[in-house]
Amino acid sequence: MKVMVMDGQGGGLGRQLVGAIKAKRPDVTLLAVGTNSAATTAMLRAGADQAATGENAVVVGCRTADVIVGPVGIVIADAMLGEITPTMALAVGQSRARRILIPVNQCDNIVAGAQGQPMARLVQCAVEALDQLDSCSR
């Protein structure tokens, strides 16, 4: 299974996701795609198998990933302070991959019901969702 973790800004959420997924699922191929080099570097240092940066990397990664994991903003054009281009959001949204979206309430996008959850718990929920997806395909 090829899992693409996508993040932007400082890459903090992506770093946590990569570390948690690698700890629980070392068998998956993990592609880290950052909207900027800082995010990509953070995810690569956390243990991603492959890494790339920018709009075209998102488009290409979305074509080959089985699962895409990241903050909910990756499917919203102009989210994350403008780092998510319309092309990126479209690529994620139209990908044949399954998507596991973390409900992050930042940058003018509010996900009702997500308030009060610590980031560590949201990351744990994402890894659990990945396990459930994999068990459904076996």
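Colleague: Let me start with a residue I clicked on: where is M80 found?
Modeller: M80 sits in the loop between β4 and α4. Before we go on, please keep in mind that this is a predicted model.

Colleague: Thanks. Is M80 buried or exposed?
Modeller: M80 is buried, because its relative accessible area is 8%, and buried means under 20%. Its backbone is worth a look too: M80 is not a glycine, yet its phi is positive, at about 55°.

Colleague: And D78, where does that one lie?
Modeller: D78 lies in the loop between β4 and α4. D78 has a positive phi as well, near 70°, and is a residue other than glycine.

Colleague: Buried or exposed, for D78?
Modeller: D78 has 54% relative accessibility, so it counts as exposed.

Colleague: Okay, changing topic. How many residues does the largest nonpolar core have?
Modeller: The largest nonpolar core has 22 residues. The ones with the most contacts inside it are V3, V5, L17, I21, L30 and V69.

Colleague: Which elements give two or more residues to this core?
Modeller: Those are the strands β1 (2-7), β2 (29-34), β4 (67-71) and β5 (98-102), along with the helices α1 and α5 (119-136). The element that gives the most is α5, with six residues.

Colleague: What is I21 in contact with, leaving aside its neighbours within four places in sequence?
Modeller: The contacts of I21 are V3, V5, P26, V28, L30, V127 and L130. As for A48, which lies 27 residues from I21 along the chain, the two C-alpha atoms are 9.5 Å apart.

Colleague: L30 came up there. What does L30 touch?
Modeller: Not counting residues up to four places away in sequence, L30 touches V3, V5, V18, I21, K22, A48, D49 and Q50.

Colleague: Now the helices. How do the axes of α3 and α4 cross?
Modeller: The axes of α3 (residues 55-64) and α4 (residues 86-94) come within 9 Å and cross at roughly 10°. Angles under 35 degrees count as roughly parallel, so α3 is roughly parallel to α4.

Colleague: Which residues make that contact?
Modeller: From α3 they are E55, V58, V59 and C62, and from α4 they are T87, M88, A91 and V92. By class, the contact has six nonpolar residues, one polar and one charged.

Colleague: What do the buried residues of α3 pack against?
Modeller: They pack against β1, β2, β3 (50-53), β4 and α4. The buried residues of α3 are A57, V58, V59, G61 and C62.

Colleague: What does the side chain of S95 reach?
Modeller: The S95 side chain reaches the backbone oxygen of C62, at 2.8 Å. Not counting residues up to four places away in sequence, S95 touches C62 and I68.

Technical notes: Residues are numbered from 1 along each chain as its sequence is written. This is a predicted model: local features need pLDDT of at least 70, side-chain atom pairs count only at pLDDT 80 or more; totals for chains, interfaces and linings use all residues. Side-chain values use heavy atoms; hydrogens and water are left out. Contact means heavy atoms within 4.5 Å. A nonpolar core is a set of buried Ala, Val, Leu, Ile, Met, Phe, Trp, Tyr and Cys residues joined through side-chain atoms within 4.5 Å. Buried means under 20% relative accessible area, exposed over 50%, partly exposed in between (1.4 Å probe, protein chains only). Helices (H or I, at least four residues) and strands (E, at least two) are DSSP runs, numbered from the N terminus. Axes are lines fitted to C-alpha atoms, for helices over the stretch in contact, and angles run from 0 to 180 degrees between N-to-C directions. Angles under 35 degrees count as roughly parallel, over 145 as roughly antiparallel, 65 to 115 as roughly perpendicular and the rest as oblique. Ala, Val, Leu, Ile, Met, Phe, Trp, Tyr, Cys and Pro count as nonpolar, Asp, Glu, Lys and Arg as charged, and the others, Gly among them, as polar. A polar contact is a pair of N or O atoms within 3.5 Å; within protein, one must be able to donate a hydrogen and the other to accept it, and residues adjacent in sequence count only if both atoms are side-chain atoms.
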